Each structure stands twice: as C-alpha cells, then as structure tokens.
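The following exercises are to be worked through with the sequence and the three-dimensional model at hand. Each task is followed by a stepwise solution.

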Amino acid sequence: MPTIFRSGGFRFVIWPDDHAPPHVHIIRGTLLAAVINLGMGESPASIKANYRLNRRELASVLRVVLANNDMFVEEWTKIHGEG
C-alpha cells in the first residue's frame, strides 16, 4: 500500500487493489484511522469513514486532503487508471 503523503503523524495511502470512488486511507501508526473520498469535478473531498480520530484530528486530515486533492487524484489515476 503506497504512502503518497505524510503529515502530522499520519500517512495518506491509496491501496492498489481498491475500489471506486477515488479515496485515500488515513493511517496512524499501523491502524486505519479514517477514509476520505477525493474531490472529483463539482464534488469536494468528503469524509467517508472515521474509525479513531477526534473532531480536531479529523478536521486536520480533511484540510490536508483538500489542500492536496489534485495531487491525490493524480496518484489515484496513476495507480488505478482513468476508468
């Protein structure tokens, strides 16, 4: 599972054998902490699931995804293709 970004003690990961819609897994240590859908077209990035983050941490990782959404979408496309 390629780590595509690191910030604030979190790894932002896209799994190669994952499903649509494009999203990023947020990992802290070895545990899945959250999943955020990437912004596509008119739809902004959004929280898909929160497993162990408090509100401040969740807002922080969402801000990271929003700030880097284009790069995350580019990485998703490299891994999964356009379709």
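**Exercise 1.** How many bridges join strand E3 to E4, and do the strands run parallel or antiparallel?

*Solution.* The model is a predicted one, in which local features need pLDDT of at least 70 and side-chain atom pairs count only at pLDDT 80 or more, while totals for chains, interfaces and linings use all residues. Residues are numbered from 1 along each chain as its sequence is written, and side-chain values use heavy atoms, with hydrogens and water left out.

Step 1. Locate the strands: E3 comprises residues 23-28, and E4 comprises residues 31-37. Strands (E, at least two residues) and helices (H or I, at least four) are DSSP runs, numbered from the N terminus.

Step 2. Count the bridges: six join E3 to E4, and the two strands run antiparallel. Two strands pair if DSSP finds at least two bridges between them.

Step 3. Inspect the hairpin: two residues lie between the strands, and Gly29 takes a positive phi near 65°. Arg28 stands opposite Leu31 in E4.

**Exercise 2.** Identify the other pairing of E4 described by four bridges, and state how far E4 is covered.

*Solution.* Step 1. E4 pairs with strand E5 (residues 46-50) in the antiparallel sense, over four bridges.

Step 1. Within this pairing, Ile36 stands opposite Ile47 in E5.

Step 2. E4 is mostly covered, since five of its seven residues are buried. Buried means under 20% relative accessible area, exposed over 50%, and partly exposed in between (1.4 Å probe, protein chains only).

**Exercise 3.** How many salt bridges does the structure hold? Describe their partners.

*Solution.* Step 1. A salt bridge is counted when a side-chain nitrogen of Lys or Arg is within 4 Å of a carboxyl oxygen of Asp or Glu.

Step 1. The structure holds three salt bridges. In one of them, the side chains of Glu57 and Arg28 meet at 2.6 Å, N to O. This pair links distant parts of the chain, Glu57 in helix H1 (residues 55-80) and Arg28 in strand E3, 29 residues apart. Glu57 is partly exposed at 22% relative accessibility, and Arg28 is likewise partly exposed at 30%.

Step 2. Turn to Lys78, which is exposed at 57% relative accessibility. Its salt bridge with Glu74 has the closest N and O atoms 3.8 Å apart; for the salt bridge with Glu75 the corresponding value is 3.2 Å. Lys78 and Glu74 are separated by about one helical turn because they are four residues apart in helix H1.

**Exercise 4.** Is Asp18 buried or exposed, and with which residues is Asp18 in contact beyond its neighbours within four places in sequence?

*Solution.* Step 1. Asp18 is placed in the loop between strand E2 (10-13) and E3. With a relative accessible area of 16%, Asp18 is buried.

Step 1. Leaving aside neighbours within four places in sequence, Asp18 is in contact (heavy atoms within 4.5 Å) with His23, His25, Trp76 and His80.

Step 2. Compare sequence and space: Asp18 and Ile79 are 61 residues apart in sequence and 9.6 Å apart in space, C-alpha to C-alpha.
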